[in-house]
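Notebook open, structure loaded. I jotted things down in the order I looked them up.

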Amino acid sequence: MKTLLASVIVVLLGVWAVASMSEGFELLTSEQARRLDIQRRQPVVPNVRLTDQSGGAHRFGDWVQAQNKFLIVDFIYTNCQSLCRALGSEFQQLQRNIVERGLQNRVHLLSISFDPEHDSYAVLGQYANHLQANPEVWSFAAPASADLEILLQTFGVTVIPDQTGGFQHNAALVWVAPSGKLLRVTDYASGEQLLDELVKSN
Amino acid sequence: MNPQTVAGAGLLLMLNIPFIRRIMESDMAYHMLLQFPLILLAGWLLARGFPEPAKKWNYAGVTGLLAASMILMFWMIPRALDLVLINNTLELLKFLSLALAGMALAWSWPLAGMIVRGFFLGNVLPMMMVVGWLYIEAPVRLCNSYLSYDQLRTGSGLLALSIAGSLLWLYAFFMPSNQAGNSEIR
Amino acid sequence: MNVLNRIKSPLASAEVKVYAAISGVVVLLMMVFGLVMRMTQGQMLPIEPGLFYQLMTAHGIGMVAIAGLGGSAVMWHFLGKYVNLRAGFAWANLAFFLAGVVLVLGGIFVGGFAAAWTFLYPLPANGMGMWGRHAAAAYMGGVLLVGVGMLLFYLEAARAIIQQYGSFAKSLGWHFLKSGQDAPPATVIASSVVTIINILAILVGAVILSMMLINLYVPEIAIHPLLAKNLIFLFGHVFINSTIYMAVIAVYEILPQYTGRTWKVYKPFVWAWSATCLMVLTVYPHHLLMDFAQPLWMHIMGQIISYTSSLPVLALTLTATLGMIYRSNIKWDLTSALLVLSIFGWSAGVIPAVIDGTIAVNQVMHNTLWVPGHFHLYLLLGCMAMILAFINWLSNQEKAQGFSALDKAMLWTFAISAFTYALIFLMSGQASVPRRMAVHLPQWVWYSQAASLFAAGVVLSSMVIVVRALAGIIKPVKPA
């Protein structure tokens, strides 16, 4: 009987621990946790200094508000061989889609490099050309090295170097409101759906 | 003091040396497949130095084995593995709970008969298989702090371990059973 | 040995009676579901397709589970005569079983889950508005709970067998192959095989069910669909096969009491069961012959093993049964008649299975009603006949009884209806009628209408047999 009681306590403790770690069985990974966290807190983009692909310098927060558009943000580095390529072609498609639907005034794409040491504005410019980015729709930018940490932290991006001299990072699309609030984080292939929702929302 | 206890305490301390800890946690496979079992082992060894908990609270080792499987399950959640790297309280909890699981195993395994052991294995082995498979199959990295290649190796390791465990267990069914487990069948 | 080994042989214990009674009642309900499905296909009932697929899911999982429970009752009852089984585990199994059933039924009829009992990935996660992920989770969680209970049940069986015989090597009779001495009873051999394969099957089932549950809530973690299908069929096929290997114990134990001859264990019998142990685990790929992505060697293995797997045990059981009956002055009553019928049903059911196991045939036949024809033949006429015989035997205080006119009428109604019913499935399969379809083309409707008639015959005769047997089981035993 005592064993039964103790076992029930142990099981309850275990379920509680698992439930709290998984936010009530909703998630298993830190990536999901980060997405849920951003969706709940809706933090504001940090007002860090960004340099765009043509060398122009902006304050991130001010720039978002000046643009007064929804932003779809992804994080990349130009030397990337794997994930960012998928992100790149996803953004290419999104760009085409935005132009076709005439959404240029409402949505803007932004690729931020987390490798500012290497990705100078000239490198970014080349990269943008290579991807045939239309500056009206799609911008590239890199933060100052000192600001990288706070930027990555706000967006919940983890970057770790891998054995081949590149980086592994969590790839996702971050949806930023014109007010500068981060609304949510979705899979990198979910851009179409976001546009649909945007069109439907009014 | 019991030499086993000393060995256990020593092992636990050694695993906590920042340098060794950093190396072991730098790679997901070392973290799950080396550090975890070593902490469990340390707990197992330590158990000899502590008074055994009252048997009426741990009939046939049920409570202990249940606790051990719960703790193991918790530490197989990818998010937990990620969080210990940035959260020191959780890291401390990891060491304490895994050592506790090791102690629980040391106290409870000899008490348990075929059925309780079977139930424990029937829980833990499929769980390891599931997590291993999950790590191998996941198209994305489940732990943001680890490389996807690490994840693949860890998954394969877990899978191999659980398959080996299952075969060993199956084999035991066919062996003459005069070893432990027969005398105290529960 | 056979007699010496008997520790106790009182009448059935309470847990066996409860198992048998629940099996009887649920089987009837599931048979009614089957009848409703056939009538729907025959356009005799205005059932919406959505509800049809829910009924189909419930009929499938319900029959598998209850064949498992009924088989367990047979195994528990007779194995308990040789080894020391503790009733607590049978009750614990039943508790998990009932909790699981509540979840499964809730998932199906409240949540609308209708992905067929095989819950093939990724269908459960894609309800398309028919069911949500919680319904799928309730269903799969319920199946998992039933599995947990069964694991406890078989672990207790394993513990008891090993305590009595030393190891599975002994209880399977391997020493007897060498020395020719001390053969374990047929019941113990069969129980050992079922225990081993079902523990393995349940663990595999636990893996795939947990994996799919995780996938439900974390869809990014995709599963390899072919691997998932392999694991599901390994689990499901072994489990459903093992029901007949448990139920056949009734033949080994009850028939000898009617003929006055003992069921002797010969070396081929030991060989056959040990071979079955391996073959049951490897035969399931014959359900995946249409999956072109499956490695070729698995197709070939599936074909070969499906030719051989049921044959050894079946052939030996069939010949031994014939030998036992031949010139034995067997006393005929409902129990013994059902048992003999079951052996023929099992044998007949293997024939369409072997045909379907042939790759060339399978390519065109597997998604037709041919396959339900095969498994209804061996499960309805084989496994179910054994379980009905067992229930009837319990209700008759485990003695031979008179063979009343009503008994005879019901036996023949059951035998002819069940056989014809399965035959219509096979004919429909031959006419390329697809399986798992709520609505049939006009030219197929008459098959379903005819099948409904015979299904009604099966339901009616089973109902009379079960209801009368239940009365006998529930009735308090008169003091001798």
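I started with C:Met463, which is partly exposed because 16 other C-beta atoms lie within 10 Å (20 or more would be buried, 12 or fewer exposed, in between partly exposed, with C-beta atoms placed from the backbone). I found C:Met463 in helix 17 (residues 445-474) of chain C; helices here are DSSP runs of H or I, at least four residues, numbered from the N terminus. I also looked up C:Lys475, twelve residues from C:Met463 along the chain, and their C-alpha atoms are 18 Å apart.

A note on the ground rules: this is a predicted model, where local features need pLDDT of at least 70, side-chain atom pairs count only at pLDDT 80 or more, and totals for chains, interfaces and linings use all residues. Residues are numbered from 1 along each chain as its sequence is written, while chains are lettered from A and ligands numbered from 1 in the order in which they are written.

Next I checked chains A and B. I see 25 residues of chain B in contact with 22 of chain A (contact is C-beta atoms, placed from the backbone, within 7 Å). Helix 4 of chain B gives the most to chain B's side, with seven residues.

Then I looked at how helix 1 (residues 2-21) of chain A lies against helix 4 (residues 62-74) of chain B: their axes come within 9 Å and cross at roughly 5° (axes are lines fitted to C-alpha atoms over the stretch in contact, with angles from 0 to 180 degrees between N-to-C directions). So helix 1 of chain A is roughly parallel to helix 4 of chain B (angles under 35 degrees count as that).

Technical notes
Helix = DSSP H or I, 4+ residues; strand = E, 2+ residues; numbered from the N terminus. Parallel < 35°, antiparallel > 145°, perpendicular 65-115°, else oblique. Contact = placed C-beta atoms within 7 Å.
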